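Dear colleague,

Please find below the structure that I am handing over to you. My findings follow directly after it.

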Amino acid sequence: MADTDTASDPRDAGNWTGADWKRWSERQGMATDMPAGRWTTGDMRQAGAAFRTPGTVGNAGSDPVPAAVAARTTVGSPDPDLAAFGKIFMRSSSGALVCSGTVVKDPARPGRSNLVWTAAHCLHEGKGGRPMRDVVFVPAFDGNAATETAMHPLGTWPAARSVVSPQWVAEGAQRGGPVSQFDFGVLRVVPPAGASSLEETVGAALDVGFNVPRDRIPAPSVFGYPAGAPFDGTRLQVCRSPLRPTRLSFDVSRPTMLAVGCTMTGGSSGGGWVTDLPGRGRILVSNTSIGPTPAQWLAGPALGTEALRAFQFLGGTLPTR
């Protein structure tokens, strides 16, 4: 797209330049420095879960829903990347909410990333709404810890800027639908006093896999902090899918979403889907967007060109022309 003030049609976001993304995100109030906000332990315990349930799923382009896979606590897990996962707290028009997020690598700052991947609905209310306020990321959150310090052992990291898909801002709603394919977002956090970068502090960060064909994605592990019953949002949970993701479609004119069996509930939104891709190693291939009640499966967006451009814009690697 040319460098003019025409970056308003979300259908063309995959072709936007850095200047287009900058103008658009400034109009949404997402590219300016965000207030840090204050979160007490009580605030964190009382925050509700941000979650989206499916709307009507079309038969065309969809596979049968996957069989349920029980979520398990990660306590005692040998997974080397557990510190990369955390809990996100934010305030919306309706009150305090929680989501999940993943520390991801920043090509512009090798080894020193301050970027967190999550769902768009964790950062913006959607159509007719506004950006979330007082957004903070707590890596390795442990709500069962005896002390406040132990609850967030690696600190509380306030968001400075964020970006979501233009499609989500234009169409996002309380229930899942065609726009759920674009339910992804990225935030940049500010190191707390005395801390280095987020990646250096947690000691882990994941590459993001863009435009990976679904049939090339090995069985993923889905991470998150589900807060709806029977979970309480205190511990990181994981669903280890035995199968590749299946297809879930609301609209055949848009790419199909990815679906896996998983019994996580509200609060797991934004949680990272991680797999070992031959030749790439461990990468993030999606994030939790929607799931049914009662919980049986979760669906997340296939991360295509729009997701790549949003990521490059916030990371500072998307050319302005």
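The charged end of Arg91 sits over the ring of Trp39, at 3.9 Å from the ring centre; a charge is taken to sit over a ring if NZ of Lys or CZ of Arg is within 6 Å of the ring centre and within 35 degrees of the ring normal. Please note that this is a predicted model, in which local features need pLDDT of at least 70 and side-chain atom pairs count only at pLDDT 80 or more, while totals for chains, interfaces and linings use all residues. Residues are numbered from 1 along each chain as its sequence is written, and side-chain values use heavy atoms, with hydrogens and water left out.

Aromatic pairs

Rings of Phe, Tyr and Trp (for Trp the six-membered ring) are paired if their centres lie within 6.5 Å; planes under 30 degrees apart count as stacked, over 60 as edge-to-face and the rest as tilted. By this rule there are 12 aromatic pairs. One of them joins Trp39 and Phe89, and this pair is tilted because the ring centres are 5.5 Å apart and the planes stand at 50°. Trp39 belongs to the loop between helix 1 (18-28) and helix 2 (41-46), whereas Phe89 lies in strand 3 (residues 85-92), so that the pair links distant parts of the chain, 50 residues apart. Helices (H or I, at least four residues) and strands (E, at least two) are DSSP runs, numbered from the N terminus. Trp39 counts as buried at 12% relative accessibility, and Phe89 is buried with a relative accessible area of 0%. The term buried stands for under 20% relative accessible area, exposed for over 50%, and partly exposed for values in between (1.4 Å probe, protein chains only).

The rings of Trp117 and Phe311 form a tilted pair, with centres 6.2 Å apart and planes at 55°. Trp117 is in strand 5 (residues 115-118) and Phe311 in helix 6 (residues 305-315), so this pair ties together parts that are 194 residues apart in sequence. Both Trp117 and Phe311 are buried.

Helix 1

The buried residues of helix 1 are Gly18, Ala19, Asp20, Trp21, Trp24 and Ser25. These buried residues pack against strand 7 (157-164), helix 4 (166-171) and helix 6, where contact means heavy atoms within 4.5 Å. After helix 1 comes Gly29, whose phi is positive, near 80°.

An open sheet of 3 strands has the order 12-13-16 and antiparallel pairing; two strands pair if DSSP finds at least two bridges between them. Strand 12 (246-248) and strand 16 (297-300) stand at the edges with a single partner strand each, so one side of each has no neighbour in the sheet. On average, neighbouring strands of this sheet are turned by 40° against each other, direction ignored; the axes are lines fitted to C-alpha atoms, for helices over the stretch in contact, and angles run from 0 to 180 degrees between N-to-C directions. Strand 12 and strand 13 (residues 257-261) run antiparallel and are joined by 3 bridges. Arg247 stands opposite Leu258 in strand 13.

Backbone details

The peptide bond from Ala229 to Pro230 is cis, with omega near 10°; Pro230 is placed in the loop between strand 10 (221-224) and strand 11 (237-240). Thr293 and Pro294 are likewise joined by a cis peptide bond, with omega about 0°, and Pro294 is found in the loop between strand 15 (281-287) and strand 16.

Asp134 has a positive phi, near 55°, in a residue other than glycine. Asp134 lies in strand 6 (residues 133-139) and is buried, with a relative accessible area of 13%. For Asn211, too, phi is positive and near 55°. Asn211 is in the loop between strand 9 (207-208) and strand 10, and is partly exposed at a relative accessible area of 47%.

The chain as a whole

The chain has 6 helices and 16 strands. Its radius of gyration, taken over C-alpha atoms, is 18 Å, close to the 20 Å that the globule rule gives for 321 residues, so the chain is as compact as a globular protein of that length; the rule is 2.2 Å times the number of residues to the power 0.38. Along its principal axes the C-alpha trace spans about 55 × 45 × 45 Å. Of the 321 residues, 57% count as buried. Among contacts between residues at least 6 apart in sequence, 74% join residues at least 24 apart.

With kind regards
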